[in-house]
Amino acid sequence: MSTSTSALTSDEAPGAASPATAKAVGAESLAPQSTRIMGRTSYFLAWFGGCVSIGTFAMGSSVVGTLNLLQATLAIAIGCFVIGIALAINGAAGYKYGIPFMVQARSAFGFTGTRIPGLVRAVPAIVWYGFQSWIGAGALNMVSATLFGFDNLIFYFITFQFLQIGLSVLGFQGIKWLENIGSAFILCSLMYMFYATVQRYGDELSTSLLTMEGSWGMPFWSATMLFLGIYSTMMLNVSDYSREHKKGTAQSLLTTIYAMSILPCTLFMGLIGYMVSQATGTADPIQVFANAVDNTPLLMITLLFIAFAQVTTNVLNNVVPPTYVLMDVFKLKFPVATVIVGLLAFATFPWKLVQPESAAGLQLFVQTYSAFLGPIFAILVVDYYVIRRRTLDIGKLYDENGPYQGINQAALIATAVGIVAALSFSAVSWYASLIPAGLTYYLLMKHWPACQRFTQ
């Protein structure tokens with residue numbers, strides 16, 4: 001055990017929350033979740049509203065010239081269903097025991113070792129947080145410049161970021177209502193934007209996108225990984241959300257909830273980015289809709305949607321994971337950790353990520369971090385389903401002096417093997433890493449006891 005790790009506080013001990021007590025606003029902790037606030041409909045809407053990733057536009061832009069319209073559509077759909085299955089599988093531990101990702105990972109990586117998957121999960125979240133905040137601020141700035149003549153992107157970026165920090169401090173109570181209320185607006189806006197894009201560019205796109213040959217080979221499967229790669233981070237920490245879902249939902253239904261909540265937004269946004277980039281060569285989402293929508297009032301509504309969508313996505317997907325990492329490593333309270341995460345997003349230099357030449361860079365970014373996320377996902381799944389037989393000793397997961405102290409060498413070795421495999425096949429890095437990492441972890445845990453010691 002690391003001597004720098006402090007003793008468990010009372011709010012991290014198993015059973016610290018009382019089932020009879022309503023969950024207070026911003027009172028999130030690492031303790032097993034006993035008060036769950038989301039039913040099936042609420043949980044579906046939370047994922048629907050939280051998965052409007054502006055990065056999907058860039059991913060759609062990045063496959064222009066490689067896939068035709070049918071291939072792009074199928075690539076997005078396949079990616080979303082893989083996401084649904086993966087979320088249901090890895091979220092099972094959190095759903096059953098009410099534990100977050102940072103606690104779930106202790107059985108595989110150890111108390112100290114969990115900081116490695118925590119860091120791997122937190123860094124992409126903070127990068128996307130900054131990127132999407134800049135996009136949202138850009139949308140607000142364009143509205144302001146058009147209607148009021150006030151054009152100051154830096155002002156709106158800072159203001160927008162502090163608004164999101166304020167909302168994030170509310171925790172899952174705030175997330176629940178923000179996502180649920182915003183989902184209808186998001187769906188209507190996306191349908192309209194897709195319609196506007198087809199109306200504006202339909203004639204020229206029908207020839208080029210439907211008749212081009214495209215590829216059903218490696219570029220196609222690489223594209224499926226790009227679209228699932230956006231959510232591969234969430235596949236790791238899905239227990240952070242599943243622990244909030246009320247019990248009574250079968251795993252097959254959870255798979256459907258995940259896949260069908262993610263598919264509509266990803267499909268609409270990916271295809272919009274794909275079609276407009278094909279027609280105009282523009283990858284910046286703000287310019288995409290400035291080009292696609294001629295009517296000024298409708299353009300303003302569209303831009304406000306873009307800004308709102310960044311809030312719903314960031315507070316769910318990009319704030320919670322690094323916040324829980326900071327809570328685990330530095331023993332911070334939830335509100336303090338969310339503020340720190342929001343401030344760190346300023347340091348991601350998001351204005352560099354929205355340049356026209358950045359679509360290829362974002363594609364490389366997704367492929368690279370997926371190489372690290374895939375092995376960790378495989379290890380968590382093998383550990384829970386094969387090694388632990390879906391049975392966890394919760395008391396030991398919260399005992400820093402117990403069997404999970406330190407670092408599990410088997411998990412580190414398996415992660416390294418998976419990363420090498422992923423980088424060797426970078427176009428499909430997430431897929432390529434799963435079997436090597438999972439199989440290595442299983443063999444080490446079952447047959448080489450010397451490699452599975454939890455060491456300091």
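Valine 339 sits in helix α17; helices here are DSSP runs of H or I with at least four residues, strands are runs of E with at least two, and both are numbered from the N terminus. Valine 339 is partly exposed, at 32% relative accessible area. On the terms: buried is under 20% relative accessible area, exposed is over 50%, and partly exposed is in between, with a 1.4 Å probe and protein chains only.

Before going on, this is a predicted model: local features need pLDDT of at least 70, side-chain atom pairs count only at pLDDT 80 or more, and totals for chains, interfaces and linings use all residues. Residues are numbered from 1 along each chain as its sequence is written, and side-chain values use heavy atoms, with hydrogens and water left out.

Back to the valine. Val339 belongs to a nonpolar patch on the surface, together with Ile154, Ile158, Phe162 and Leu343. The accessible area of these residues together is about 410 Å², from the Shrake-Rupley method with a 1.4 Å probe, where for residues only the protein chains shown count as cover. Patches are made of residues with over 30% relative accessible area and no salt bridge; nonpolar side chains (Val, Leu, Ile, Met, Phe, Trp, Tyr) are joined within 5 Å, like charges within 9 Å. Two elements give two or more residues to the patch, α8 (153-168) and α17 (334-344). Helix α8 has the largest share, three residues. As a general point, an α-helix has 3.6 residues a turn, so residues three or four places apart point the same way.

Next, the salt bridges. The rule is a side-chain nitrogen of Lys or Arg within 4 Å of a carboxyl oxygen of Asp or Glu. How many salt bridges does the count come to? Three.

Take aspartate 328 and arginine 106, whose closest N and O atoms are 2.6 Å apart. This pair links distant parts of the chain, with aspartate 328 in helix α16 (residues 320-330) and arginine 106 in helix α6, 222 residues apart. Are the two partners buried or exposed? Aspartate 328 is buried at 6% relative accessibility, and arginine 106 is buried at 1%. Helix α6 covers residues 106-109. The arginine 106 side chain also reaches the backbone oxygen of leucine 397, at 2.8 Å. That falls under polar contacts: N or O atoms within 3.5 Å, where within protein one must be able to donate a hydrogen and the other to accept it, and residues adjacent in sequence count only if both atoms are side-chain atoms.

Another salt bridge joins aspartate 383 to arginine 388, with the closest N and O atoms 3.1 Å apart. Aspartate 383 is buried at 2% relative accessibility, and arginine 388 is buried at 18%.

Then there is aspartate 393 with lysine 396, where the closest N and O atoms are 3.8 Å apart. Here aspartate 393 is partly exposed, at 38% relative accessibility, and lysine 396 is partly exposed, also at 38%.

Now the loop between α18 (358-387) and α19 (394-397), which holds arginine 389 and arginine 390. Most residues other than glycine have a negative phi. Arginine 389 has a positive phi of about 55°, and arginine 390 has a positive phi near 60°. Arginine 389 is exposed, with a relative accessible area of 61%, while arginine 390 is partly exposed at 46%.

Further along, glutamate 400 lies in the loop between α19 and β1 (407-408). Glutamate 400 is buried, at 5% relative accessibility. Its C-alpha atom is 9.3 Å from that of threonine 112, 288 residues away along the chain.

Helix α21 (residues 429-447) has 19 residues. From first C-alpha to last it reaches 27 Å, close to the expected 27 Å, the expected span being 1.5 Å times one less than the number of residues. Its buried residues include Trp430, Tyr441, Leu444 and Met445.

Last, the cysteines. A disulfide is a pair of cysteine sulfur atoms within 2.5 Å, and by this rule the count is zero. Cysteine 265 is buried, with a relative accessible area of 0%, whereas cysteine 188 is exposed at 52%.
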